[in-house]
Amino acid sequence: MSNIATVIGWKHNHQAGMSTSDGVITDFPGGIPSQSDQDTWTAEYEAHLVATAYIQKRVDAYAELGEQLDQLYHDMAADKGDKSGEWFKAVKKVKDDNPK
């Protein structure tokens, strides 16, 4: 289960007036939310993590931007500015290996 401080920071955009101690909400604008609300927010947060996990995997798998630009330059110089180029193939592999 996720840390409630992380959950409320995500859910409420780290607004002022929110704090936790030892996994318990101690301050919250408008009063401490119910356990039911906290459970709902935690479930939403964990679903969000699952739904967006591919993003970090793709970021980690892509070549550095300078390397990608060099690859694209060489593809263009070789008249391979389409799906036959190495840059396209590399990006497609990352996307195929890490689907949404």
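A residue is called buried when its relative accessible area is under 20%, exposed when that area is over 50%, and partly exposed in between. These legends describe close-up views of a predicted model.

**View 1. A nonpolar surface patch that includes Leu72 of helix H3.** Leu72 lies in helix H3, which covers residues 65-77, and because its relative accessibility is 30%, a value between the two cut-offs, Leu72 counts as partly exposed. Together with Leu65, Leu69 and Met76, Leu72 forms a nonpolar patch on the surface. The accessible area of these residues, taken together, is about 390 Å².

**View 2. The hairpin formed by strands S1 and S2.** Strand S1, made of residues 19-21, pairs with strand S2, made of residues 24-27, in the antiparallel sense and over 3 bridges. Ser21 has Val24 of S2 as its bridge partner. The hairpin leaves 2 residues between its strands, and Asp22, which sits in the turn, has a positive phi of about 55°.

View 3. Helix H2 runs over residues 35-61.

**View 4. A salt bridge between Glu44 and Lys11.** Side chains of opposite charge can pair when their charged atoms come close. In the pair shown here, Glu44 and Lys11 form a salt bridge in which the closest N and O atoms are 2.7 Å apart. The pair links distant parts of the chain, since Glu44 belongs to helix H2 while Lys11 belongs to helix H1 (residues 4-11), and 33 residues separate them. Glu44 has a relative accessible area of 32% and is therefore partly exposed; Lys11, at 34% relative accessibility, also counts as partly exposed. In the model as a whole, the count of salt bridges comes to 4.

**View 5. A salt bridge between Asp96 and Lys92 in helix H4.** The side chains of Asp96 and Lys92 meet in a salt bridge with an N to O distance of 2.7 Å. Both residues lie in helix H4, which covers residues 86-97, and they are 4 residues apart, about one turn of the helix. Asp96 counts as partly exposed because its relative accessibility is 47%, and Lys92, with a relative accessible area of 39%, is likewise partly exposed.

**View 6. A salt bridge between Lys93 and Asp97 in helix H4.** Lys93 forms a salt bridge with Asp97, and the closest N and O atoms of this pair are 2.6 Å apart. Because Lys93 and Asp97 are 4 residues apart in H4, about one helical turn separates them. The relative accessible area of Lys93 is 52%, over the cut-off of 50%, so Lys93 is exposed. Asp97, by contrast, has a relative accessibility of 48% and so counts as partly exposed.

**View 7. Gly85 in the loop between H3 and H4.** Gly85 has its place in the loop between helices H3 and H4, and because its relative accessibility is 0%, Gly85 counts as buried. His74 lies 11 residues from Gly85 along the chain, and the C-alpha atoms of these two residues are separated by 8.7 Å.

Key: Residues are numbered from 1 along each chain as its sequence is written. This is a predicted model: local features need pLDDT of at least 70, side-chain atom pairs count only at pLDDT 80 or more; totals for chains, interfaces and linings use all residues. Side-chain values use heavy atoms; hydrogens and water are left out. Two strands pair if DSSP finds at least two bridges between them. Patches are made of residues with over 30% relative accessible area and no salt bridge: like charges are joined within 9 Å, nonpolar side chains (Val, Leu, Ile, Met, Phe, Trp, Tyr) within 5 Å. Accessible areas come from the Shrake-Rupley method with a 1.4 Å probe; for residues, only the protein chains shown count as cover. Buried means under 20% relative accessible area, exposed over 50%, partly exposed in between (1.4 Å probe, protein chains only).
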